[in-house]
Amino acid sequence: MLTLPSPAKLNLFLHINGQRQDGYHQLQTVFQLLDYGDTLAFSPRPDAKIVLTPEIPGVSTADNLIVRAAELLRHATGINLGANIELQKRLPMGGGIGGGSSNAATTLLALNRLWQTKLDLPSLAKLGVQLGADVPVFVLGNSAWAEGIGDVISPVDLAAKWYLVIRPHAHISTAEIFSQKKLTRDTPIIKVAAFLEGGGKNDCQDVVLERYPQVKEAVDWLNFFSPAKLTGTGACIFASFDSEAQAKSVFANRPEHLEGFVAKGVNRSPLHTALSRLDSVTGVSPSG
Ligand SMILES: C[C@@](CO)(OP(=O)(O)O)[C@H](O)COP(=O)(O)OP(=O)(O)OC[C@H]1O[C@@H](n2ccc(N)nc2=O)[C@H](O)[C@@H]1O
Ligand SMILES: Nc1ncnc2c1ncn2[C@@H]1O[C@H](COP(=O)(O)OP(=O)(O)O)[C@@H](O)[C@H]1O
């Protein structure tokens, strides 16, 4: 059995610079990977079945990004094997922390290893983008600066911080927010240095706060302790702290109805750290 992490991400900022003819938005963002997420356990099956347990309530098996990633890899490589996949879900869905995309990436890397299909990371990232704009960053495995429609990615070294993430009770679809007329779509392009010097906001934040009072309430509460920002198109919000103790003490004082977690920001994905560790044990050279 191959047990691997499927980490969350935060968008430390999210600027929308324009919109393409096909409707997709041109954006700039920084993906901060977190040392916190779901866990997936894989074992090979000799038949061609992909069996996921437990199912996610409200997501059909055919729509589940884990199953879709497995089918996609099988189709792309022509391999005729299957897998049993056990999912331990901790990440809220529709939260802007990339749980579904991360599950897809973990599945691509895990099955590429189990099935010995030997695709390299750029090829797996190319497959992944067919499942969602955020999948490649999880496949490539570094906190990253992203441009284009989120598909032009370069690794970035971020300061070590602890993040308090609050999950208001709202499930927000990315498409819903990107289809709002009022959304800011003309933020000027910035350079990496401007972000690293403290620049950057989330252009989706005003639209989300207006439509979801429960998200606004959480932002207002967290702002009292440290500047709070929306991640992605929501619904989760976050603030950074220099130490775990600081983040945990604020979390401990949250209003009872607010859920969330405290996690360390990492430059390297816990998924890739786990795979490298396995490679060093088995003597396989690090690849996909
Ligand atoms: C904007 C981000 C930032 O991380 O939002 P979150 O989903 O994380 O909140 C992501 O890149 C989202 O990625 P992902 O959620 O994978 O998006 P996709 O499934 O590819 O697209 C969902 C819908 O969002 C819109 N979309 C997505 C990406 C983009 N650059 N422009 C868009 O307009 C499209 O209408 C598409 O139908
Ligand atoms: N394995 C999965 N985990 C989470 N969501 C999934 C999964 N498979 C399909 N989905 C669908 O993808 C949507 C977006 O999921 P997710 O990536 O967690 O949110 P976000 O893009 O807001 O960070 C969910 O609302 C759900 O319907």
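Ala, Val, Leu, Ile, Met, Phe, Trp, Tyr, Cys and Pro count here as nonpolar, Asp, Glu, Lys and Arg as charged, and the others, Gly among them, as polar. The structure is a predicted model, in which local features need pLDDT of at least 70, side-chain atom pairs count only at pLDDT 80 or more, and totals for chains, interfaces and linings use all residues. Residues are numbered from 1 along each chain as its sequence is written, while chains are lettered from A and ligands numbered from 1 in the order in which they are written.

**View 1. The shell around ligand 2.** By the classes above, the shell around ligand 2 holds six nonpolar residues, 11 polar and one charged. A residue is near a molecule if its C-beta atom, placed from the backbone, lies within 6 Å of it. Of the 18 residues around ligand 2, those that come nearest are L65, G94, G99, G100 and N103. Helix α2 supplies the largest share, four residues. Helices (H or I, at least four residues) and strands (E, at least two) are DSSP runs, numbered from the N terminus.

**View 2. The shell around ligand 1.** Ligand 1 is surrounded by 20 residues, and the closest are H25, G132, A133, I149 and G232. β1 (2–19), β2 (25–45) and α5 (174–178) each contribute at least two residues to the shell. Seven residues of the shell are nonpolar, 12 are polar and one is charged.

**View 3. K9 and D134, annotated as active site.** The "active site" feature at K9 and D134 comes from an unreviewed UniProt entry. UniProt positions are given in the numbering used here, feature names are shortened, and annotations may be inferred rather than shown by experiment. The two positions are spread over 126 residues of sequence but cluster in space, with a largest C-alpha distance of 9.5 Å. K9 is in strand β1, and D134 is in the loop between α3 (121–128) and α4 (135–140). A residue is buried if 20 or more other C-beta atoms lie within 10 Å of its own, exposed if 12 or fewer, and partly exposed in between, with C-beta atoms placed from the backbone. K9 counts as buried because 27 other C-beta atoms lie within 10 Å. D134 is buried, with 27 other C-beta atoms within 10 Å. Two residues are in contact if their C-beta atoms, placed from the backbone, lie within 7 Å. Leaving aside neighbours within four places in sequence, K9 is in contact with F31, Q32, L33, L34, I97, G98 and V137. With residues up to four places away in sequence not counted, D134 touches G98, S101 and G150.

**View 4. T107 within helix α2.** T107 lies in helix α2 and is buried, since 32 other C-beta atoms are within 10 Å. Its contacts, apart from neighbours within four places in sequence, are L40, I66, A69 and A70. The C-alpha atoms of T107 and I66 are separated by 6.0 Å, although the two residues are 41 apart along the chain. UniProt lists residues 64–141 as "domain: GHMP kinase N-terminal" in an unreviewed entry. Over residues 64–141 the chain is 55% helix and 9% strand, with the end C-alpha atoms 22 Å apart.

View 5. In helix α8 (residues 213–223), the buried residues are V215, A218 and L222. Seen down the axis of α8, they fall within an arc of 60°, so they line one face of the helix. The arc is that of the directions from the helix axis to the C-beta atoms. P213 and D220 are exposed on the other side of α8. The cover over the buried residues of α8 includes β7 (162–167), α7 (205–211) and β9 (237–241).

**View 6. Backbone details in loops.** Most residues other than glycine have a negative phi, and most peptide bonds are trans. T53 and P54 are joined by a cis peptide bond with omega about -20°, and P54 is in the loop between β3 (50–53) and α1. Another cis peptide bond joins G234 and A235, with omega about 15°; A235 is in the loop between β8 (229–230) and β9. Q116, which is not a glycine, has a positive phi of about 55°. Q116 lies in the loop between α2 and α3 and is exposed, with 11 other C-beta atoms within 10 Å. K118 is found in the loop between α2 and α3, and its phi is near 60°, a positive value in a residue other than glycine.
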